[in-house]
Amino acid sequence: MTHIAQDKNRKLRRGLMSISCSALLLPGCYTGISAQQFDDEHDSAAGSASDGDEDDAGDGDDRDPTRTPGLAEDHTPTPLARLTNDEFINSVAVLLDIPRDSEALVQARGNLAAEPNVGGLFNDADRQLITHVGIASYSGVASTMTDVFLAEVATVEDLALRMECPQDAEDGLDLSSCTRQFGANLLSKAFRRDATDQEIANIEALVNEVDDLLVESDQDLAAFDSHILRLRTVVRYVLLSADFLLLVERGTADAADGPRAPIPLTSAEIATRLSYFITGAPPDEALMVDVHEGRLSDPSVRLEHADRLLDSEAGRAQLTKTLNSWLGIDAATVDAEDAASLSTFIDEWFAEEKPFEDLYKAPVSVVHVDETQTEEPFGVLGLRAFVASHSAFPTPSFITRGVFVVERLLCSQLPSDIPAEALDGEEMTPLEVFQEHAKEPCATCHVVFDNYGAAFQRFDTETSRYDPEANELGDSFDLLDLGGVSGVVGGVADLGRVMGQSERAPACLAELWYRKAARRGLDAGGEDDEALDALIKEWQGSGNTSMKSLMRSIVTAEDFTLLFP
């Protein structure tokens with residue numbers, strides 16, 4: 001059956017676009033959006049002027065964009081964070097009851113605009129610019145998912161079932177009223193809070209505008225296709241609404257004591273923060289029960305939900321995905337078997353609540369160059385998925401791996417005074433390059449990371465197989481002390497032992513998850529230091545340095561329930 005939404009009636013299609021542009025984030029409505037600002041009724045979004053940057057959100061631009069906060073009714077600051085691509089897809093799946101592993105959702109994920117990865121995370125709000133490219137990709141996914149949502153709807157009965165529409169014994173089905181009620185319910189679910197009266201009125205007005213266009217186009221308001229068009233328009237409206245695409249935190253009405261004082265989050269905001277932090281998806285029904293009962297300000301209640309979600313399939317999948325991103329796993333380089341080995345390693349490390357140091361020194365199966373296998377205490381550093389992801393030709397692998405370990409796994413910055421001259425690595429052997437780097441001016445920079453990377457040199461650069469014979473770069477490497485990470489190492493086992501027993505490596509992981517929960521980078525002025533230090537102290541002082549223990553500490557901390565303007 002051909003629905004009216006696919007009709008070639010230009011007047012109707014132009015009218016629908018006009019309706020959409022009046023309230024939604026659609027291409028053609030704005031040429032570029034770097035931030036959103038909400039009006040006092042909290043029911044509409046307006047695009048800020050373009051800052052002139054025509055690149056999409058995935059260009060890796062390190063500049064700090066100016067962000068225009070929204071204003072709540074009391075004019076308190078309103079930080080905004082865009083759903084990441086994965087969070088957007090997960091949220092659409094939950095909202096429209098579409099299986100997360102469906103082919104349509106997987107394809108839709110690939111059609112979204114690229115987004116920046118900041119230190120292993122995609123959810124840094126300061127980098128999540130909303131551009132015209134991103135808006136166009138949202139619009140395309142919204143259309144596709146609306147089609148999937150309505151794919152099995154071929155009759156009036158199907159439509160009524162899709163909207164859970166009650167049938168009056170005397171009057172029968174009132175599909176028009178059902179569409180309005182369905183839209184109101186969908187809003188509350190999509191916005192992760194109760195929809196306001198004004199927002200519900202907007203749904204009513206939207207359906208009325210569609211009806212006006214149908215009448216103008218000589219369409220039968222009671223026809224099946226007319227009902228389909230109403231529902232299609234409502235669903236796309238919700239999927240492209242600012243309060244769905246953005247995680248808006250306004251805090252409670254009783255504002256703070258000063259302009260920079262923290263503001264308590266509402267129960268709905270706490271539930272949203274907790275759920276996206278652990279599962280990358282909207283709050284489930286169990287969380288929403290405690291939202292309405294106002295219990296989420298209690299740390300013990302948050303802990304109950306955290307444990308439940310951490311053990312869920314969605315929670316475990318989100319954990320593995322985040323750790324893969326942090327570890328810099330290159331999906332294009334890693335084959336399915338190696339990826340599965342990494343996932344199994346992470347899952348066991350997490351589920352069995354193994355100590356932090358096991359991440360870097362637990363026994364793993366290592367494939368040798370002669371195809372034999374042995375168990376080695378290399379932890380994640382010895383898995384082929386990790387080793388293969390950090391071999392960049394023509395750059396010698398010890399440089400690539402060393403830089404990654406120092407920057408990503410130890411959260412340490414490289415020297416800023418890197419010499420301008422570079423060696424011609426293609427004309428030199430790895431050993432010759434390594435030896436030259438020990439001399440000035442190269443040593444100024446390379447002394448920081450070369451020896452960290454040299455510990456991996458027994459892994460073949462091309463195949464990532466392990467060669468237990470002597471390392472071509474030497475037998476011992478003196479690590480530059482980086483925040484307590486120091487020692488002489490002869491290979492990956494030594495490096496993993498030093499990192500696992502250091503203070504810097506677990507602090508780096510804690511920093512990553514602290515940033516993940518806050519959805520932003522650390523404050524440049526050091527204002528996050530006290531909270532981060534308290535988190536690390538509680539985690540490591542608990543006697544349980546597992547990943548699960550770290551996440552428990554984060555969600556039970558008072559900061560987790562506060563908005564910092």
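**Overall.** I started with burial: of the 565 residues in the chain, 51% are buried. I have to keep in mind that this is a predicted model. For secondary structure I get 24 helices and 12 strands. I then looked at contacts with a sequence separation of 6 or more, and 66% of them are between residues 24 or more positions apart. The exposed surface comes to about 25400 Å², with carbon and sulfur atoms supplying 49% of it.

**Cores.** Which residues have the most contacts inside the largest nonpolar core? I find Trp326, Tyr360, Leu381, Leu409, Met499, Leu509 and Trp513, in a core of 90 residues. Helix 22, residues 504-518, gives the most to this core, with nine residues. My notes also list a second, separate core of 46 residues, which includes Ile98, Leu150, Cys178 and Phe191.

Leaving out residues up to four places away in sequence, Tyr360 touches Trp326, Leu381, Leu409 and Met499, among others. Its list of contacts also includes Pro377, Phe378, Gly379 and Val380, as well as Gly496, Gly500 and Ala505.

**Helix 13.** Trp326 sent me to helix 13, which covers residues 313-326. I checked its length: 14 residues at 1.5 Å a residue should span 20 Å, and the end C-alpha atoms are 20 Å apart, so the two agree. Which residues of helix 13 are buried? I have Gly315, Gln318, Leu319, Thr320, Thr322, Leu323, Asn324, Ser325 and Trp326 on that list. Just after the helix, Gly328 takes a positive phi of about 65°.

**Disulfides.** I count two disulfides in the structure. In one, Cys165 and Cys178 have their sulfur atoms 1.7 Å apart. I read 85° about the S-S bond, and the link is right-handed. Cys165 sits in the loop between helix 5 (156-162) and helix 6 (175-191), and Cys178 is in helix 6, so this pair ties together parts that are 13 residues apart in sequence. Both of these cysteines are buried, and Cys178 is also one of the residues in the second core.

The other disulfide is formed by Cys411 and Cys508, with sulfur atoms 2.0 Å apart. This link is right-handed too, with 70° about the S-S bond. The pair links distant parts of the chain, 97 residues apart: Cys411 is in the loop between helix 17 (397-409) and helix 18 (430-436), and Cys508 is in helix 22. Are the two ends buried or partly exposed? Cys411 counts as partly exposed because its relative accessibility is 25%, while Cys508 is at 0% and therefore counts as buried.

**Cysteines in no disulfide.** Cys442 is in no disulfide, and the nearest cysteine sulfur, that of Cys445, is 9.0 Å away. I note Cys442 as buried, with a relative accessible area of 15%. Cys445 is in no disulfide either; its nearest cysteine sulfur is that of Cys442, at 9.0 Å. With 3% relative accessibility, Cys445 counts as buried.

**Hairpins.** I went through two of these. Strand 8 (residues 364-367) and strand 9 (residues 373-376) run antiparallel and are joined by four bridges. Val367 stands opposite Gln373 in strand 9. There are five residues between the strands of this hairpin, and Glu371 takes a positive phi near 75°.

Strand 10 (residues 477-482) and strand 11 (residues 485-489) also run antiparallel, with four bridges joining them. Phe477 stands opposite Val489 in strand 11. How many residues lie between strand 10 and strand 11? I find two, and Gly483 in the turn has a positive phi of about 60°.

**Thr84.** Last entry. Thr84 lies in the loop between strand 5 (80-82) and helix 2 (85-96). Is it buried or exposed? At 7% relative accessibility, Thr84 counts as buried. Setting aside neighbours within four places in sequence, I see Thr84 in contact with Glu115, Phe122, Asn123, Gln128 and Arg519.

Key: Residues are numbered from 1 along each chain as its sequence is written. This is a predicted model: local features need pLDDT of at least 70, side-chain atom pairs count only at pLDDT 80 or more; totals for chains, interfaces and linings use all residues. Side-chain values use heavy atoms; hydrogens and water are left out. Two strands pair if DSSP finds at least two bridges between them. A nonpolar core is a set of buried Ala, Val, Leu, Ile, Met, Phe, Trp, Tyr and Cys residues joined through side-chain atoms within 4.5 Å. Buried means under 20% relative accessible area, exposed over 50%, partly exposed in between (1.4 Å probe, protein chains only). Contact means heavy atoms within 4.5 Å. A disulfide is a pair of cysteine sulfur atoms within 2.5 Å. Accessible areas come from the Shrake-Rupley method with a 1.4 Å probe; for residues, only the protein chains shown count as cover. The expected span of a helix is 1.5 Å times one less than its number of residues.
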